[in-house]
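Please read the following report beside the sequence and the coordinates, which are shown first.

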Protein chains: 2
Amino acid sequence: MSSPRVPPANSLAAGVKTLEFTGEVLRLLDQTKLPVAEVYLDCRTSAEVALAITEMKVRGAPAIGVAAAYGLVLGGQAYLAMAGRDASCVGLLHHLEQVAASLLATRPTAVNLGWAVKRMLRTTRRLCTGDQTPADLLGALRSEAEAMQRDDVAMNKRLGDHGAALLHHGDTVLTHCNAGALATAGYGTALGVIRSAVAAGKQITVFVDETRPYLQGARLTAWELHKDHIPVTVIADNMAGYVMQQGRISAVIVGADRIAANGDVANKIGTYSLALLARAHGLPFYVAAPSSTVDLDTPNGEAIPIEERPPHELSHLAGQRLAPEGITIVNPAFDVTPAAYVTAIITEAGVLRPPYEEALRGLVAGAARRAG
Amino acid sequence: MSSPRVPPANSLAAGVKTLEFTGEVLRLLDQTKLPVAEVYLDCRTSAEVALAITEMKVRGAPAIGVAAAYGLVLGGQAYLAMAGRDASCVGLLHHLEQVAASLLATRPTAVNLGWAVKRMLRTTRRLCTGDQTPADLLGALRSEAEAMQRDDVAMNKRLGDHGAALLHHGDTVLTHCNAGALATAGYGTALGVIRSAVAAGKQITVFVDETRPYLQGARLTAWELHKDHIPVTVIADNMAGYVMQQGRISAVIVGADRIAANGDVANKIGTYSLALLARAHGLPFYVAAPSSTVDLDTPNGEAIPIEERPPHELSHLAGQRLAPEGITIVNPAFDVTPAAYVTAIITEAGVLRPPYEEALRGLVAGAARRAG
């Protein structure tokens with residue numbers, strides 16, 4: 001459990017290959033198999049990518065966004081192979097619009113998925129008007145997806161460095177679900193903050209809720225932090241209040257699936273409870289997310305659609321029935337934490353403090369400016 | 001899921017046989033096998049009873065107390081068989097003192113276990129001074145254990161009737177873990193309140209947290225309420241705040257494993273978080289427990305020992321590893337809710353309101369008076 005005192009930031013999370021595009025397949029680390037086995041899944045078609053997102057083989061808002069971008073590249077390749085000499089840029093665009101619809105239908109809450117798909121379609125439309133061949137256009141789309149993947153890691157490192165300043169040597173951070181390398185193209189958001197603090201020489205201990213029903217905390221966060229030799233303790237979701245009451249927690253840091261214009265945060269179910277518990281114990285509650293998670297078109301949390309997942313995810317585990325037949329199961333995948341409970345939002349452009357409305361508008365405008 | 005409008009109270013939980021003494025064995029409904037199978041476990045020795053308590057084949061503070069009382073009866077039978085003609089009342093007492101120590105060592109937090117064991121030893125000492133034969137004394141101990149079992153059910157029904165007045169037609173009650181027929185000699189404490197409200201003609205819907213890691217909510221509470229045709233919805237522990245935020249919960253009712261003299265309540269891990277969430281949403285937070293759960297020798301919650309259970313209960317399920325090797329697991333079985341968060345304590349003698357210190361002293365004195 002002991003670690004080299006100050007690991008270089010680049011070595012952290014370097015062993016986690018969440019997704020990789022080979023030119024022919026999108027290779028995903030199958031997150032349903034962790035921590036028992038490291039199995040890779042090769043998606044050869046956009047439909048396979050969509051299914052992998054639905055079945056949570058790949059999950060985490062930023063990772064889903066990048067996976068969908070590559071799904072469009074695979075969709076474009078299928079179009080070119082199918083159309084042969086009849087291929088055209090307009091035909092490619094129409095095909096990609098259909099692929100985009102199927103990808104967007106997979107999961108409703110995270111906004112990065114829509115953000116990535118729209119960005120890819122925008123690029124397609126822009127280049128469609130030029131004199132490029134369909135193959136050139138597809139090459140440009142692949143470059144765009146690769147840029148999104150690279151940018152996501154780079155943004156997470158900037159985000160992590162901004163957030164690391166909020167953590168102190170000796171802190172114990174409680175996190176929920178997985179907002180790490182596995183939830184992104186690499187390095188992570190909430191876990192990126194922790195990685196940057198560790199890289200800066202601070203001693204940080206992590207507590208993570210197991211995060212029922214999918215157990216992203218126990219299975220994924222514990223796995224990737226342990227790989228980085230960052231001390232991690234798993235607790236059941238219902239133990240968070242207890243460890244706070246005992247004075248064992250210094251701060252809470254979580255990721256986000258969508259941040260509304262007013263600063264309300266949709267994130268993994270249980271986040272709202274944690275925010276209330278943090279408030280009751282006088283602990284800071286931080287949200288770490290890149291600007292692509294902010295949706296200015298969503299005025300507040302009430303407008304965020306909350307995905308309801310299948311009951312069997314809660315009633316069964318490893319083939320064993322956990323609850324009797326005939327009862328009702330509720331299985332929302334996310335909840336909304338009102339902005340009033342969020343101490344700060346950590347982004348790639350800096351740490352935002354309330355009131356969030358104007359700060360978030362500025363963040364999104366700045367990101368758009370930088371993207372040209 | 002629909003139910004006859006007003007079931008008679010006696011029919012409720014009648015199908016649940018938590019424990020039964022046949023004269024030769026203590027037959028326990030093995031709660032580790034529910035809800036998949038109804039398997040009964042015959043304990044022939046006090047050591048088997050102690051093991052069943054340690055392994056949570058039987059659990060719930062009042063049920064553990066009654067099981068331990070029968071464990072002493074089995075211990076006494078073993079002494080008589082072993083000593084033969086050399087048996088004496090003093091020899092029986094000494095033997096039972098050893099058996100008592102092994103039973104008391106099983107689980108440290110619930111006080112009903114100590115309460116029941118002490119009561120049995122007190123009776124042994126009292127009768128030991130008379131001119132009874134050891135066989136007569138053992139017969140009296142068996143009657144005492146049977147009285148405790150009968151009294152527990154009767155007390156729970158009185159408790160339920162007092163508590164039912166706090167619930168309204170159409171209420172949705174959130175409960176945690178299992179404070180039902182399975183946790184007691186029958187009828188239940190928190191679930192007894194719900195049963196009495198239903199028997200009084202009120203329409204009550206129940207939400208229950210699955211209650212990790214042992215899943216008493218999903219496995220046991222859902223099972224016994226569904227048997228009684230009381231509508232029950234299972235949620236993950238981390239969804240409690242979300243359903244409260246949505247306005248779906250009217251009140252929270254839980255049981256207790258020990259109530260300190262000042263009203264602090266030890267109960268299943270996660271109870272404290274629920275109490276804070278209830279407070280944040282303006283919901284009443286009720287504790288239902290018989291007077292045997294009150295420990296005036298424990299001044300406050302800080303003095304209550306919290307049992308730490310084995311890590312594998314959290315890291316494994318159905319033979320499958322849920323968390324990676326090499327990480328730390330914390331697995332406290334209980335937490336303490338400060339009296340300030342408890343709206344009322346529902347007992348067999350009535351509903352106690354804060355400040356609790358004097359009310360609890362009066363409750364215990366009254367129970368001692370009634371016991372003669």
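Predicted model: local features only at pLDDT ≥ 70, side-chain atom pairs only at ≥ 80, totals over all residues.

Residues are numbered from 1 along each chain as its sequence is written, chains are lettered from A and ligands numbered from 1 in the order in which they are written, and side-chain values use heavy atoms, with hydrogens and water left out.

An open sheet of eight strands, with mixed pairing, runs in the order β17(A)-β16(A)-β10(A)-β7(A)-β4(A)-β5(A)-β6(A)-β14(B); strands are DSSP runs of E with at least two residues, helices runs of H or I with at least four, and two strands pair if DSSP finds at least two bridges between them. β17 of chain A and β14 of chain B stand at the edges, each with a single partner strand, so one side of each is left without a neighbour in the sheet. Strands β5 and β6 of chain A pair in the parallel sense over four bridges, and Asp209(A) stands opposite Ile235(A) in β6(A).

| Strand | Residues |
|---|---|
| β5 of chain A | 205–209 |
| β6 of chain A | 232–235 |

Lys33(A) has its place in the loop between β2 and β3 of chain A and is partly exposed, with a relative accessible area of 37% (partly exposed lies between buried, under 20%, and exposed, over 50%, with a 1.4 Å probe and protein chains only). Leaving aside neighbours within four places in sequence, Lys33(A) is in contact (heavy atoms within 4.5 Å) with Val39(A), Lys57(A) and Arg219(A).
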